[in-house]
Amino acid sequence: MAEKTPAIQTAEETRGAISKNIIALRTANHLTQAELAEKLSYSDKAISKWERGESLPEICVLKQISQMFDVTLDWLTTVHAPEKSAPPKKPKISRRAAITSLSVAGVWLMIMVAFTTAWLMGHVYWQLFVVALPLTCIALFVCNIIWGKLWYGAVISSFFWWTLLTSLFVVFLDSRMWMLFVLGVPLQLCTVFIFGILAKNDTKVKKTDKKGEDNT
């Protein structure tokens with residue numbers, strides 16, 4: 001007996017499938033339209049149009065949605081039977097959080113190995129644990145550049161400068177080194193200034209994207 005060829009999904013069915021699946025993913029993850037819009041850098045009006053089937057996200061946005069909710073593009077664009085329409089549950093711990101945690105753990109493991117080695121040789125360098133703080137900030141900042149938010153980077157940068165100055169003060173333990181903390185003021189101001197400019201540019205890009213989507 002010849003195998004039954006599956007019916008080809010029409011364009012209208014695909015449009016309806018995308019809108020229903022976006023709704024299913026959003027509600028399953030307890031997100032409002034505004035919250036999903038913020039994650040995708042679009043307006044909630046655009047999300048509403050997608051869910052009503054009045055317009056469709058671009059392919060790059062569909063890819064972003066599928067990655068965000070850990071589903072395939074095929075699942076996102078396919079009509080599902082009612083018993084199979086529930087989207088896969090999002091893992092409690094995302095891959096990004098796991099990588100970030102492992103990066104931070106790697107820093108502290110390196111410090112522990114260095115401290116233990118020095119201790120076995122008869123030296124106690126407790127300052128190593130203070131030095132671990134700016135190193136932790138560097139690991140967090142690198143991860144944040146890849147997939148974090150802009151304001152997270154500003155906070156991490158601020159912590160980095162102050163923990164770095166504290167580390168230098170603790171390592172040298174010289175009373176005259178307190179002047180190092182004076183440097184923290186211009187460094188902090190520079191951090192605020194730089195991230196302020198980046199935030200303005202990011203806002204302009206988002207507004208441009210939103211206008212383009214709302215006009216479609």
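Contact means heavy atoms within 4.5 Å. The model is predicted, so local features need pLDDT of at least 70 and side-chain atom pairs pLDDT 80 or more, while totals for chains, interfaces and linings use all residues. Residues are numbered from 1 along each chain as its sequence is written, and side-chain values use heavy atoms, with hydrogens and water left out.

**View 1. Buried side of helix α4.** Helix α4 spans residues 59-68 and has V61, L62, I65, S66 and M68 as its buried residues. These lie on the same side of α4, because they cover an arc of only 165° around the axis. The arc is taken from the directions from the helix axis to the C-beta atoms. Buried means under 20% relative accessible area, exposed over 50% and partly exposed in between, with a 1.4 Å probe and protein chains only. In general, an α-helix has 3.6 residues a turn, so residues three or four places apart point the same way.

**View 2. Cover over α4.** The cover of the buried residues of α4 includes α1 (11-28), α2 (33-40), α3 (44-52) and α5 (73-76). Helices are DSSP runs of H or I with at least four residues, strands are runs of E with at least two, and both are numbered from the N terminus.

View 3. I59 and Q67 are exposed on the face of α4 turned away from its buried side. Just after α4, D70 has a positive phi of about 55°.

View 4. The chain has nine helices and zero strands. Of its 216 residues, 28% are buried. Among contacts with a separation of 6 or more, 61% join residues 24 or more positions apart.
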